[in-house]
Structures are given as C-alpha cells and as structure tokens.
Amino acid sequence: MSQSSSTSTHSFYKNSAALYRRSCEIIPGGHHLSGRPLVTPEDSPMYIDRGEGSRCWDVDGHEYVDYVMAFGPHLLGYAHPEVDAAAIAQLRRGAPLSMNHPLHLKFIERLIARFPGAEMGTFFKTGSEATTAALRIARRATGRRRVIRCGYHGWHDWCLPLDAAVPDGLAQQVLELPAAEPERLGALLQAHPGEVAAVIVAPEMFHPPRREVFAAMIETTREHGAVFIFDEVKTAFRTPRGSMQQFLDLQPDITTLSKALGNGWAVAALVGKRSVLRHGAGLHLSATYHGDTAAMAAAMATLDILDREDVTGHVWRLGERLISGLDAAARAHGLPVVAYGEPIPSMPFMRFTHPQPDVRDRLRDSFYVEVLARGVLLHPRHLWFISHAHRDADIDRTLAAAREAMAAVRERHADLL
Ligand SMILES: Cc1ncc(COP(=O)(O)O)c(C=O)c1O
C-alpha cells in the first residue's frame, strides 16, 4: 500500500485524523505521550487498530511492518499465541487474587536464576515503578537520600527535568551524570561525601557499551558506599547472553526489568544482591496490581520461549541487516543519514545528519512521510525495536520502501542537498 510521493496524505489517514479531532476535545493534548504524531497528525497514522507478529494495521486499513513495536514490550511479536494463552489461562483462574500466589515465588526464582549475582527480587507492573522502588530500597539500605542518574528511567518526578511540573528541590536530590562523561562520576560522588544512596544507569546511553566503562562506574559507586543499579528495562532479553550485564560480564547490585519481560503483558521486576534487597522488607512498595498473576504467567511463557529459541541472535542479525541496508541506501541516494545500533543492533535507529537543523528536520520528516505511506512504521525520534517475529522478508520489504522513500526525498529536496 503506497501513495504517490507528490500527493497529500490527508485523505490517506482520514479515519485516524477524525479520531484525533475527537480526542483533542476530551484527552489533554489529544493522545497519550507515546502516541505523539510521528510526523503530523495529517501525514502519519495516529491510531493503530491491531497487531500480529511483526505487523500492525492502522484504522484506515493500512498494513505496516512495525519497528515502533509499542516501544519495546513485544520482543516475540504482537499477540504471541503461547504467551497470550498462558496469561489468559491464568486470568480465568482469577487475577489478581488476594494474598500471595505461588507464581510470585516461581517468577522471582526464575529471574534470579537468569541474572548472575542476583539473590532476591520483587515484582511490579511498569519500569518506572521498578526503578523508583530500586532507589527507595537503596535509600533504606544506605541511610542516604541523594541519587545519581544517567538515562531515561521512567515518568516519575525524580527522573524528569525541573520544567516538567515536578516538586521543588529535586535537582539537589537527583544529580545527573552525562553519558558522554562517565569519568565524572567520581567527582559527583566526592562532591556529596556519604550522601549518595545509589547510581542508576541505563546502558543504552553508552555508545558503544564498553565493559571497562561500566566496570569503573560500578567500582567507583561501591567505593563511595552507594548502590549500583543497572536499568535494563530496554536492554534485557534482547542482548546476547540475555542482557547487557551478561553480554559485558558485569554484576550490578540491583537490575530493573520490564518491557520485553511480559511480551505485551504489563509486568516489571527488580533483582539483585541480598545484602541490598533485604532492606526492601517492610518498605512501602505496593500497588493493587503488583501481584497480577496473568502478567506473570505471560512472563514465564516468554522466558520459556527465550530459553528455547535464539531470540537475541535473531533480532541482532536482522538489526545488523537493517542498519547496513539503510546505510547503503542513504549512500546510494546521497542523503546525509547514518544508521546504527542504539547502542545494539536489535535497537536500531537512523539519524539525519545535515548540519543545518531546519534542513535536517525537513529531510527527516519528508523521509518518514514517504516510508510510512509505503507500509513501514518507523519512528523519527525514538530508537526502533526488532522482534523475533520479524523475518528477512520484512527487512527486504523495509529496505525496498526505504530506498523508494529516499529517492522521493532526493527528488523533492534536490535544492537542499
Ligand atoms: C531504561 C528505561 N527505564 C525505565 C523505563 C520506564 O518504564 P515504563 O515506561 O514501563 O514505566 C523505560 C521506558 O522506556 C526505560 O527505557
């Protein structure tokens, strides 16, 4: 399904646009934050109707090879039959239930067995909850209050900029380590001796992810008596050997997990060392749905599949194919574009590199309008996700659409290039 590069896309997405107009009346901003327009509400699909495997369909009936993948949970593809069957069977037994359920224990046992050095764990619904809980446990364990962070760790007050309507005083409590200068960690810790409870780092911030950089951060953190938290919400289960820490042979004090863990069912967890996590006993880490056994059953089925199949090898290889194909296409069309893993090939991305920001944005938007209209759902401003359901044929189709889109951009913006 595609359209001529010179026609307006307005009628192409008319059902989407109509729903968006109605939403603007009753939903602040018209959409949840992850539903922000890929380009404009008129030139890109705003409403997706359903997904299956590597594909999704918008409300105007267009089919896409999807790389947005709902921002990462569907590592095995949308609506995975085995995962969904396990969750639905558990739902039919009542979920969540009162008190505790044997799955809570089995789920944490299973995660502990996967992460070397992990001895305890607990469970949540979202990544934001897991990271927030990890900090709370670290504060209790150390008796300190301040934290240092590097990366996106969720939507809670402590990880947002001050202009995001968060309470006063957070800038003194939550210090930021720039990913480009990890060696500044020591100085940050020294500036607040005996006051920093934890350093939390999202590994995707580091390009390339180098073992010695993380090992040095872990060592410095521990020297200062703080807890090192590795936020693997994005990277776990899609990095070879199972996670970034296993790939790089690292053992953080706490690891936070969500996204791919439940393959679309909302579940999160943290695991880590007993010496730290035992301080979580009696802390207020509680929400009505934390004990949801349906999502845990989905996670157990997901882990079964990850144990059985070479999921990380598959998504890594297809990511490498996509990256090198996009780079080659950009070179062939003379576009200022670089494709790369962000930082791993299973989370690829493509950046327009024109030195003038306005030209760069025009070229970028033009490319995305074209590629979306050719049936490939790519995000212009967020890294992409490859699933185990993606096939070589999906990559072929994607590269063919990207080549056409690049040719159209080249033709339309010859004056800018
Ligand atoms: C590294 C990382 N940590 C935490 C989060 C927050 O997870 P959630 O959106 O499930 O709250 C995200 C979400 O994108 C993330 O990428």
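Modeller: Contact here means heavy atoms within 4.5 Å. Helices are DSSP runs (H or I, at least four residues), numbered from the N terminus. The model is predicted, so local features need pLDDT of at least 70, side-chain atom pairs count only at pLDDT 80 or more, and totals for chains, interfaces and linings use all residues. Residues are numbered from 1 along each chain as its sequence is written, and side-chain values use heavy atoms, without hydrogens and water.

Take α11 (residues 311-332) and α13 (residues 392-412). Their axes, fitted to C-alpha atoms over the stretch in contact, lie 10 Å apart. The packing angle is about 20°, on a scale from 0 to 180 degrees between N-to-C directions. The pair is therefore roughly parallel (under 35 degrees). The crossing is right-handed: the near helix is turned clockwise from the far one by less than a right angle.

From α11 come R317, L318, R321, L322, G325, L326, A329 and A330. They meet D392, I395, D396, T398, L399, A402, R403 and M406 of α13. By class, this contact has 9 nonpolar, 2 polar and 5 charged residues. Gly counts as polar here, and Asp and Arg as charged.

The structure holds 1 cavity of 30 Å³ or more (on a 1 Å grid, points where a 1.4 Å probe fits but cannot get out). The largest cavity has a volume of about 50 Å³, the space filled by probe spheres set on the points. Its lining (an atom within 4 Å of a point) includes F115, P116, Q245 and K273. That lining has 5 nonpolar, 4 polar and 1 charged residues.

Conventions. Helix = DSSP H or I, 4+ residues; strand = E, 2+ residues; numbered from the N terminus. Parallel < 35°, antiparallel > 145°, perpendicular 65-115°, else oblique. 1 Å grid on protein atoms, 1.4 Å probe; cavity = no way out; pocket = protein on both sides within 12 Å on 5 of 7 lines; lining within 4 Å.
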